[in-house]
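User: I have a model open and would like to learn how to read its packing. Could you walk me through it, one feature at a time?

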Amino acid sequence: MALNRLKAAINAENSSPPVEKEDEDEQPMVSMADRALPLINLLTDAAAAECNVMWK
C-alpha cells in the first residue's frame, strides 16, 4: 500500500543523519515528512471513508 511505503520512507529519513548545508544562500531543506503530510492525510481520510484515491 502506498501509505505504508510513504511512512516507511519517512521513518528511514528520520533515522539517517541530517545533511548539512554548504551554502547559506540556498533555500532551507524541507523534510520528506513535511512534504508528505498532506498526502498522508488524504490517504488516511480516504481509507477511513473507504474511498479510492487516483491521480494522473
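User: Where is Ile-40 placed, and is Ile-40 buried or exposed?

Analyst: Ile-40 lies in helix H2. Helices are DSSP runs of H or I with at least four residues, and strands are runs of E with at least two, numbered from the N terminus. Buried means under 20% relative accessible area, exposed over 50%, and partly exposed in between, with a 1.4 Å probe and protein chains only. Ile-40 has 13% relative accessibility, so it counts as buried. Bear in mind that this is a predicted model: local features need pLDDT of at least 70, side-chain atom pairs count only at pLDDT 80 or more, and totals for chains, interfaces and linings use all residues. Residues are numbered from 1 along each chain as its sequence is written, and side-chain values use heavy atoms, with hydrogens and water left out.

User: Which residues is Ile-40 in contact with, leaving aside its neighbours within four places in sequence?

Analyst: Contact means heavy atoms within 4.5 Å. On that basis Ile-40 meets Leu-3, Leu-6, Lys-7 and Ile-10.

User: What about Leu-6: is it buried or exposed?

Analyst: Leu-6 is in helix H1, and with 16% relative accessibility it counts as buried. Not counting residues up to four places away in sequence, Leu-6 touches Ala-36, Leu-39 and Ile-40. The C-alpha atoms of Leu-6 and Ala-36 are 7.7 Å apart, although 30 residues separate the two along the chain.

User: How do I read the way H1 and H2 pack, and at what angle?

Analyst: Axes are lines fitted to C-alpha atoms, for helices over the stretch in contact, and angles run from 0 to 180 degrees between N-to-C directions. Here H1 (residues 2–15) and H2 (residues 32–48) pack at about 160°, their axes 10 Å apart. That makes H1 roughly antiparallel to H2. For such labels, angles under 35 degrees count as roughly parallel, over 145 as roughly antiparallel, 65 to 115 as roughly perpendicular and the rest as oblique.

User: Which residues make up the largest nonpolar core?

Analyst: A nonpolar core is a set of buried Ala, Val, Leu, Ile, Met, Phe, Trp, Tyr and Cys residues joined through side-chain atoms within 4.5 Å. The largest one has six residues: Leu-3, Leu-6, Ile-10, Ala-36, Ile-40 and Leu-43. H1 and H2 each supply at least two residues of this core.

User: What is the phi of Glu-50?

Analyst: Most residues other than glycine have a negative phi. Glu-50 has a positive phi of about 55° although it is not a glycine. Glu-50 sits in the segment after H2, and at 76% relative accessibility it counts as exposed.
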